[in-house]
Amino acid sequence: MNGYYYETIIGRIGIVENGHAITHLFFNEIDLEDINLIETPLLKKAHDELQEYLDGDRKEFDLPLELSGTEFQKKVWNALMEIPYGQTKSYKDIAERIGNIKACRAVGMANNKNPIAIFVPCHRVIGSNGKLVGYGGGLDIKERLLELESRTGEIFNA
């Protein structure tokens with residue numbers, strides 16, 4: 001596996017790939033044991049698309065992703081990828097989407113375990129009361145990403 005760190009407007013981001021797909025995105029520098037710190041063409045492409053997104057020039061990512069988790073987690077993460085750019089859903093909405101209305105708390109736990117934040121847009125999930133809750137990169141980054149999508153979504157839809 002290969003990984004590389006990039007400086008972005010939301011801080012230092014680490015991206016990891018397994019030779020054919022992106023597997024992780026990290027908000028903070030961590031010890032990437034057993035990871036070759038080298039920029040591959042796939043990591044460069046992921047960074048370029050991330051940069052375009054952060055610049056407000058990209059709404060969707062065109063990257064191969066490989067999510068590793070339980071079947072339930074994968075259902076949740078796939079549902080997250082269906083949330084349109086510039087929109088939000090509640091944990092309850094996601095639970096309904098995957099066919100398990102009583103799984104709101106489990107949806108929150110799966111959201112928390114999302115290994116490829118931003119590319120799998122867990123930042124688009126908010127509390128049913130409209131409040132921002134939990135985010136691996138911190139609520140300030142979640143708020144910045146939602147503001148970015150709200151602002152650029154108006155431009156894309158104009």
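1. A quick definition before we start: the angles here run from 0 to 180 degrees between N-to-C directions, with axes as lines fitted to C-alpha atoms. With that in hand, helix α1 (residues 41–54) lies across β1, β2 (11–17) and β3, and runs at about 25° to β1. Please keep in mind that this is a predicted model.

2. Now the sheet beside that helix. Four strands make up an open sheet with mixed pairing, in the order β3-β2-β1-β4. The edges belong to β3 (22–26) and β4 (36–37); each has a single partner strand, so one side of each is left without a neighbour in the sheet.

3. β4 pairs with strand β1 (residues 2–8) in the parallel sense, over two bridges. Within this pairing, L37 in β4 has G3 opposite.

4. Buried residues in α1 are L42, L43, A46, H47, E49, L50, Y53 and L54. They cover an arc of only 165° around the axis, which puts them on the same side of α1. After the helix comes G56, with a positive phi near 85°.

5. Finally, do have a look at I141 in helix α5 (residues 139–157). I141 has a relative accessible area of 8%, so it falls under the 20% cut-off and is buried. Beyond its neighbours within four places in sequence, I141 is in contact with I10, F27 and Y135. From G11, I141 is 130 residues away in sequence, yet the C-alpha to C-alpha distance is 9.0 Å.

Key: Residues numbered from 1 in each chain as written. Predicted model: local features only at pLDDT ≥ 70, side-chain atom pairs only at ≥ 80, totals over all residues. Heavy atoms only, no water. Pairing = 2+ DSSP bridges. Contact = heavy atoms within 4.5 Å. Buried < 20%, exposed > 50% of the residue type's maximum accessible area, 1.4 Å probe, protein only. Arc of directions from axis to C-beta.
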